[in-house]
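Subject: Structure handover

Hello,

Here is the structure for you to look over. My notes come after it.

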Amino acid sequence: MMDFLEDQLESLKKAGLYRSLRSLESPQSAITIINGRKVVQLSSNNYLGLAYHPRLNAAAQEAIEKYGTGAGASRLICGNLELNTVLEHSLARLKKKEDALLFSTGYMANCGVLSALVGEGDVIFSDEFNHASIIDGCRMSRAEVKVYPHKDMSALEKLLKESQHHPHRLIVTDGIFSMDGDIAPLPHVVPLAQKYGCMVMVDDAHATGVLGEQGGGTGEYFDLEDEIDISMGTLGKALGGFGAFVAGSHQLKEFLINRARSFIFTTALPPAVIASGIAALELLEEEPEIRMKLWENVAFFRKGIKTLGFTTGESETQIIPLIVGDPALTMQMGELLFEEGVFVQGIRPPAVPRGSSRLRITLMATHTQGQLEFALRALEKVGRKLHLVKDSRG
Ligand SMILES: *Cc1c(COP(=O)(O)O)cnc(C)c1O
């Protein structure tokens, strides 16, 4: 009865699209141990190095001492530990919003928010490169979904024009696109939304803690916080912990508490996770130099990789795709790099469009210049071997 599993796995393998898990045997740091090997980590979303930071570790331990390991219930039943409110207020302040609501994960936040805010008869406008959790949220909502070509504002306007009869309309976009590292054109999205009476939702999973003067994300970066109606972010990436949130008006929060099924029907976050989030936001405020160091590393590495002649798309941030194209070749490059002591995960369809398989390189504030130079040398060596960069002798 379950023969189809083997068939499908076999065809994934043939297409170079088979995935398997690797084991991480150290904290998520600039140098990690993967499958027993010490490597420079170039694939982590732990952009600020907070996932193994003494202050977050201590906060988590203290919370365990005081409150234990589990919340024991959903927020609406009896799992609403007081820590939730503290973290929500800090997140609202970071996002310059009235309030915020925690969700267990970013995936659940997107599914919950989209399916609560719009429904049958409504319409969502979604960038084609939006994260899978947005795509799934759109499907769950049962609204009509109009996907516009990546960052194509005239295509978006055309869709907006022909969809004015829908009662509720919402534009949703990643802030920093997770696989390309470019930034959503909010200064164009926002006026369009206003012209056509649309809600704006931004998924700042990769921008929270990273972009903007205080790490507030793309809203702060473009000075458009007020214009973003629904500002979603996560705690599992730059903030070094786990969980997610939606920041917006008091009313939005109240509405989501009553309507977002992925908020209502799930256990509240554990105390240690919430406490580490609170500590991360304190650090973000007190030590802006961590963020500065990340941007220094980004500038240094981007210059290096451009000089080597790789195709890196339109990245503007800590996420730098090295586009290879073919999925099997991408994975081979990853393996060769691993042998050289550098870990970069290959990303293939369906996570990225066909023909754009890539190594998704990400930088951390905790990388040293020496580690980045080491990685660049390995990239050069492997790139030449696979004829992905020109042999520029002479
Ligand atoms: C990682 C990510 C999510 C999901 O967040 P989790 O907390 O890991 O579930 C959502 N949106 C984007 C753009 C992401 O990169």
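Below are the findings, element by element.

First, the ground rules. This is a predicted model, where local features need pLDDT of at least 70 and side-chain atom pairs count only at pLDDT 80 or more, while totals for chains, interfaces and linings use all residues. Residues are numbered from 1 along each chain as its sequence is written, and side-chain values use heavy atoms, with hydrogens and water left out.

Seven strands form an open sheet in the order 3-9-8-7-6-4-5, with mixed pairing. Strands and helices are DSSP runs numbered from the N terminus (strands E, at least two residues; helices H or I, at least four). Two strands pair if DSSP finds at least two bridges between them. Strand 3 (99-103) and strand 5 (144-148) are the edges; each has a single partner strand, so one side of each has no neighbour in the sheet. Neighbouring strands are turned by 20° against each other on average, direction ignored. Strand 8 (residues 230-234) and strand 9 (residues 244-248) run antiparallel and are joined by four bridges. Glycine 233 stands opposite phenylalanine 245 in strand 9.

Helices on the sheet. Helix 6 (residues 132-141) lies across strand 4 (123-127), strand 5, strand 6 and strand 7, at about 165° to strand 4. Helix 10 (residues 250-259) lies across strand 3, strand 8 and strand 9, at about 25° to strand 3. Angles run from 0 to 180 degrees between N-to-C directions, with axes fitted to C-alpha atoms, for helices over the stretch in contact. Contact means heavy atoms within 4.5 Å.

Helix 8 (residues 186-195). Its buried residues are Leu186, Val189, Val190, Leu192 and Ala193. Buried means under 20% relative accessible area, exposed over 50%, and partly exposed in between (1.4 Å probe, protein chains only). The face turned away carries the exposed residues His188, Gln194 and Lys195. Cover for the buried residues includes helix 7 (153-161), strand 6 (169-174), strand 7 (199-203) and helix 9 (218-222). Just after helix 8, glycine 197 takes a positive phi of about 60°.

A helix pair. Helix 2 (residues 54-67) and helix 12 (residues 271-286) pack at about 145°, with axes 8 Å apart.

Best wishes
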